Amino acid sequence: MGAIKFLVVGVLVAGVAFKVAEKMLVIPPIPAIDPNPWWGPGQPQPEDTTIKPFKIKIPENDVEDLKTRLGLPLRLTPPLIGANFTYGMSQNTLEQIVTYWKTKYNWTEREKKLNQYPHFKTRIEGLDIHFLRASAKVTEKKGTKVVPLLLIHGWPGSFVEFYSILPLLTKPQDGSDVVFEVICPSIPGYGFSQSSAKQGLGLMETSQIFLKLMKRLGYDKFYLQGGDWGAIISNFMATMYPDNILGVHLNMVAVNTPGPNIKLILGAVLPAGIVVAEKDQDKLYPLGDKFSMIARETGYLHLQATKPDTVGAALNQSPVGLASYILEKFSTWTHQNNPHLPDGGLLQKDFPIPLDELLDNICVYWFTGSITSSMRYYAENFGRMSATFLMDRIPCEVPAGIAVFPQELLNQPKNFIAHKFHDIVTYTDQPAGGHFAAMERPQLLAADIHKFVSAVEKRR
Ligand SMILES: *[C@@H]1O[C@H](CO)[C@@H](O)[C@H](O)[C@H]1NC(C)=O
Ligand SMILES: *[C@@H]1O[C@H](CO)[C@@H](O)[C@H](O)[C@H]1NC(C)=O
């Protein structure tokens with residue numbers, strides 16, 4: 001009698017386990033979204049599809065207003081003795097940066113620099129979408145092919161991230177068969193792209209908008225590149241529109257599905273080389289250190305995914321507060337040891353991003369008043385975490401190139417990423433660099449993009 005009971009329970013448990021596993025492993029369909037939503041305020045109107053040239057020209061009043069605010073007496077709290085950046089942005093460093101911003105940083109000159117590429121706006125689904133275009137420098141070099149590339153920024157970045165890498169993409173490089181015609185859009189609600197008036201504009205909706213943008217520009221097939229949100233949007237676009245995407249190059253990717261997660265656990269208990277190669281151990285282990293690092297560094301994410309408008313009010317009111325919030329990310333995400341330096345690394349001679357460029361990016365957030373709408377993107381996407389998780393479970397057959405920068409917060413070995421990307425053409429461990437690869441290591445990132453696209457083009 002006892003044995004039969006045991007058997008029945010065993011069969012039931014096995015049955016349930018199988019059902020659960022089946023549910024996890026079945027490839028879900030791509031969720032359907034409204035093909036023609038209206039994100040703008042008011043009633044839908046006939047789409048105006050013209051592409052309008054746009055010049056960055058911040059009104060004098062706004063520039064004066066920033067000057068006035070930066071001139072107010074600072075109300076900063078001195079850091080704890082010896083804490084450096086481990087409690088967040090050190091107010092001593094912030095003070096030095098604000099002084100530079102007030103006295104040395106020259107917006108007139110920076111604006112001119114930002115306008116060195118032609119910018120445009122076009123209305124898609126009720127929103128004015130901003131983009132810049134960096135044209136391929138047509139060359140005599142025989143056999144060099146011009147290919148279109150959509151290059152997508154993240155948070156707390158903007159199109160400003162790409163000014164150092166653009167010349168390396170648009171001009172022929174040694175050992176490369178391609179040059180790029182680059183389109184850098186601003187995500188809706190970021191910088192000069194209008195923000196949605198309605199809830200629900202997340203990754204899938206952005207992917208649809210960017211596909212419409214490229215088609216409007218005459219590109220039915222193109223390459224994708226991105227880090228941060230740019231990487232996740234690229235991941236979504238390659239999965240949703242495989243017929244339009246020639247290849248997808250990512251400098252941040254973590255596949256969150258049962259396969260890689262089981263490998264992560266197995267790799268922690270099995271000797272190196274069985275599930276996780278010796279060279280990849282640092283990317284994942286020690287697991288405890290990685291988990292506590294992620295908990296420590298993602299408070300912003302929880303906040304932005306839940307109540308973005310609350311903190312947004314403070315950040316949009318004070319340029320000093322905005323700089324504090326954004327620069328802390330540039331400190332930690334470029335090098336994980338930076339919080340242990342008194343200036344968070346930001347003022348060191350060898351900090352990979354010039355202060356002027358850091359301030360250009362902050363000015364784009366400030367002058368467009370877009371910090372709140374940029375943070376809402378987390379609420380739209382993490383509120384619907386299931387869509388993000390689900391997209392990871394849909395395999396992508398589009399050729400993929402992965403550039404792994406050692407200071408990135410989260411890196412996975414190739415055999416983890418392969419659960420999602422079935423055709424990894426290049427996977428390159430880079431010698432240096434972190435989250436803002438295009439700004440920090442433009443040479444390395446550009447070389448990797450050229451290598452990947454040249455390899456894909458050879459197969460076509
Ligand atoms: C900023 O640069 C512009 C253009 O080069 C120049 O005319 C202006 O005097 C500069 N402003 C300051 C405060 O240095
Ligand atoms: C802060 O920086 C000082 C000077 O570089 C260093 O000696 C100290 O260990 C650092 N403290 C922390 C908590 O990182």
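First, the ground rules. Residues count from 1 along each chain as its sequence is written, and chains are lettered from A and ligands numbered from 1 in the order in which they are written. In this predicted model, local features need pLDDT of at least 70, side-chain atom pairs count only at pLDDT 80 or more, and totals for chains, interfaces and linings use all residues, while side-chain values use heavy atoms, with hydrogens and water left out.

Let's start with ligand 2. Which residues are around ligand 2? They are G82, N84, H340 and P342. A residue is near a molecule or strand if one of its heavy atoms lies within 4 Å of it. The shell divides into 1 nonpolar, 3 polar and no charged residues. For those classes, Ala, Val, Leu, Ile, Met, Phe, Trp, Tyr, Cys and Pro count as nonpolar, Asp, Glu, Lys and Arg as charged, and the others, Gly among them, as polar.

Now the contacts. A polar contact is a pair of N or O atoms within 3.5 Å; within protein, one must be able to donate a hydrogen and the other to accept it, and residues adjacent in sequence count only if both atoms are side-chain atoms. N84 puts a polar side-chain atom 2.4 Å from an oxygen atom of ligand 2. For H340, a polar side-chain atom lies 2.8 Å from an oxygen atom of the ligand. G82 uses its backbone: an N or O atom there lies 3.2 Å from a nitrogen atom of ligand 2. Taken alone, ligand 2 exposes 360 Å², and the protein buries 44% of that. Those areas come from the Shrake-Rupley method with a 1.4 Å probe; for residues, only the protein chains shown count as cover.

Stay with N84 for a moment. N84 sits in the loop between α2 (60–71) and α3 (91–103). Helices (H or I, at least four residues) and strands (E, at least two) are DSSP runs, numbered from the N terminus. Phi of N84 is near 55 degrees, a positive value in a residue other than glycine. Buried or exposed? At 23% relative accessibility, N84 counts as partly exposed. The scale: buried is under 20% relative accessible area, exposed over 50%, partly exposed in between (1.4 Å probe, protein chains only).

D228 also has a positive phi, near 50 degrees, and is not a glycine. D228 lies in helix α7. With a relative accessible area of 11%, D228 is buried.

On to the rings. A pair of aromatic rings is described by the distance of the centres and the angle of the planes. Rings of Phe, Tyr and Trp (its six-membered ring) pair if their centres lie within 6.5 Å; planes under 30 degrees apart count as stacked, over 60 as edge-to-face and the rest as tilted. How many aromatic pairs does that rule give? The count comes to 20.

Take Y223 and F452. This pair is edge-to-face, 6.4 Å centre to centre, with 85 degrees between the planes. The pair links distant parts of the chain: Y223 is in strand β6 (residues 222–226), F452 in helix α19 (residues 442–459), 229 residues apart. Both Y223 and F452 are buried.

Next, W229 and F382. Their pair is tilted, 6.1 Å centre to centre and 55 degrees between the planes. W229 lies in helix α7 (residues 228–240) and F382 in helix α15 (residues 371–382), so the pair ties together parts 153 residues apart in sequence. W229 counts as buried at 4% relative accessibility. F382, at 29%, counts as partly exposed. Both belong to a cluster linked by ring pairs, whose members include W155, Y190, Y300 and F436.

W155 brings up the cis peptides. The bond from W155 to P156 is cis, with omega near 0 degrees. P156 lies in the loop between β4 (145–152) and α5 (166–170). The bond from Y285 to P286 is cis too, omega near 0 degrees. P286 is in the loop between α9 and α10 (287–297).

Last, two loop side chains. Q412 is in the loop between β8 (400–404) and α17 (414–417). Q412 counts as buried at 10% relative accessibility. Its side chain reaches the backbone nitrogen of V255 at 2.7 Å. D280 is in the loop between α8 (258–269) and α9 (281–284). D280 is buried, at 5% relative accessible area. The side chain of D280 makes a polar contact with the side chain of K279, at 3.0 Å.
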